[in-house]
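Subject: A structure for you to look at

Hi there,

Here is the structure I promised to pass on.

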Amino acid sequence: MTTPLSRAKAAAESSREQAYADARASHLGASTNALVRVDDVFAGYVPGVNILNGCDLHCDEGELVGIIGPNGAGKSTLLKSLFGLVNVRQGKVTLRGEDITNKKAHQLVKMGVGFVPQTNNVFPRLTIEENLQMGLYHEPKKFSERFDYVAELFPALRTRRKQRAGSLSGGERQMVAMGRALMPAPSVLLLDEPSAGLSPALQDEVFIRCRQINSTGVSIIMVEQNARRCLQICDRGYVLDQGRNAYTASGKDLMNDPKVIELYLGTLAKA
Ligand SMILES: Nc1ncnc2c1ncn2[C@@H]1O[C@H](COP(=O)(O)OP(=O)(O)OP(=O)(O)O)[C@@H](O)[C@H]1O
Ligand SMILES: [Mg+2]
């Protein structure tokens, strides 16, 4: 029996399927020379249960790409799949055209991919300097040159280099984590919710730093819970929903898209 509720559900499902189809068409049309490219990826943790269900993404050289979406949409899983931490069951990930699907994290670091996880992203018992050394364990001779670059972005890391990371505030730890990932001079940095848990002022600081890092030539793929701020600063954005892209466009266009506002940003975002 069809009821108003079941008809509304069917309409929502059909509009979601249309959004997925539009997002895929846009991906296929725009991603030819991408630095990083994710095509139709399926991945998950438990056998038989996919969290990513045909996910697409691309990031061009020099771009800052933002990924937003509801809790549990698979945003962190997508970044982990890109960094070899979750097994990709189907689909393909490439870096400058080279297949990197399911390559291990240590190999990816050497190929120019950096990752800052959402949680537990510093070694609390180690000092700031030791954390940064961990980021460059495979090329210790480059430490001082890379430290200069990182300390230019985050001056506090130089002045407090002997302090244990575990004694730092949330914002300071985030800087150590980003600094560590930047030590090997990555071409692309994967950031999972860099502003989570920070005060509004510190969130702004993190977003400014992300733009600064990007302006030094590092491409960035950033997942963010602060959807509006993320869309404000990114070149292009993706809305991930149930492990697939529902919408993709410039950050500005996504912020002004009535569907994205209604479903993902909330009506307050209009203000
Ligand atoms: N290690 C794990 N083992 C099993 N399931 C997991 C694991 N990590 C995440 N999941 C499941 O995968 C789904 C997507 O999780 P994920 O962390 O990717 O979402 P997210 O979009 O990053 O959410 P949030 O906005 O809350 O960070 C969730 O249902 C989650 O329970
Ligand atoms: Mg997450």
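Below is what I found, going from the whole chain down to single residues.

A few ground rules come before the details. This is a predicted model, in which local features need pLDDT of at least 70, side-chain atom pairs count only at pLDDT 80 or more, and totals for chains, interfaces and linings use all residues. Residues are numbered from 1 along each chain as its sequence is written, while chains are lettered from A and ligands numbered from 1 in the order in which they are written.

**The whole chain**

The chain has eleven helices and ten strands; these are DSSP runs, numbered from the N terminus, with helices being H or I of at least four residues and strands E of at least two. Its radius of gyration is 19 Å, close to the 18 Å that the globule rule gives for 271 residues, so the chain is as compact as a globular protein of that length. (The radius is taken over C-alpha atoms, and the rule is 2.2 Å times the number of residues to the power 0.38.) Along its principal axes, the C-alpha trace spans about 70 × 40 × 35 Å.

Buried residues make up 40% of the 271 residues. A residue counts as buried if 20 or more other C-beta atoms lie within 10 Å of its own, as exposed if 12 or fewer do, and as partly exposed in between, with C-beta atoms placed from the backbone. Of the contacts with a separation of 6 or more, 67% join residues 24 or more positions apart; a contact means that two C-beta atoms, placed from the backbone, lie within 7 Å.

**An open sheet**

Four strands form an open sheet in the order β2-β1-β4-β5, with antiparallel pairing. β2 (52–59) and β5 (98–99) stand at the edges with a single partner strand each, so one side of each is left without a neighbour in the sheet. Strands pair if DSSP finds at least two bridges between them.

Six bridges join β1 (residues 36–43) to β4 (residues 88–95), and six join β1 to β2. You can find V36 opposite C59 in β2, and R37 opposite T94 in β4. T94 also stands opposite D99 in β5, and β4 and β5 are joined by two bridges. In the hairpin of these two strands, which has two residues between them, R96 takes a positive phi near 45 degrees.

**Helix α4**

Which residues of helix α4 (residues 128–135) are buried? They are I128, N131, L132 and G135. They cover an arc of only 95 degrees around the axis, which puts them on the same side of α4; the arc is that of the directions from the helix axis to the C-beta atoms. These buried residues pack against α5 (143–153), α6 (156–159) and α7 (170–182).

**R244**

R244 is found in strand β10 (residues 244–250). R244 is buried, with 25 other C-beta atoms within 10 Å. Leaving out residues up to four places away in sequence, R244 touches Y20, N53, G54 and C55.

**Around ligand 1**

The residues around ligand 1 include Y45, V46, K75 and Q225; to qualify, a residue's C-beta atom, placed from the backbone, lies within 6 Å of the molecule. The shell divides into four nonpolar, seven polar and one charged. Here Ala, Val, Leu, Ile, Met, Phe, Trp, Tyr, Cys and Pro count as nonpolar, Asp, Glu, Lys and Arg as charged, and the others, Gly among them, as polar.

Happy exploring!
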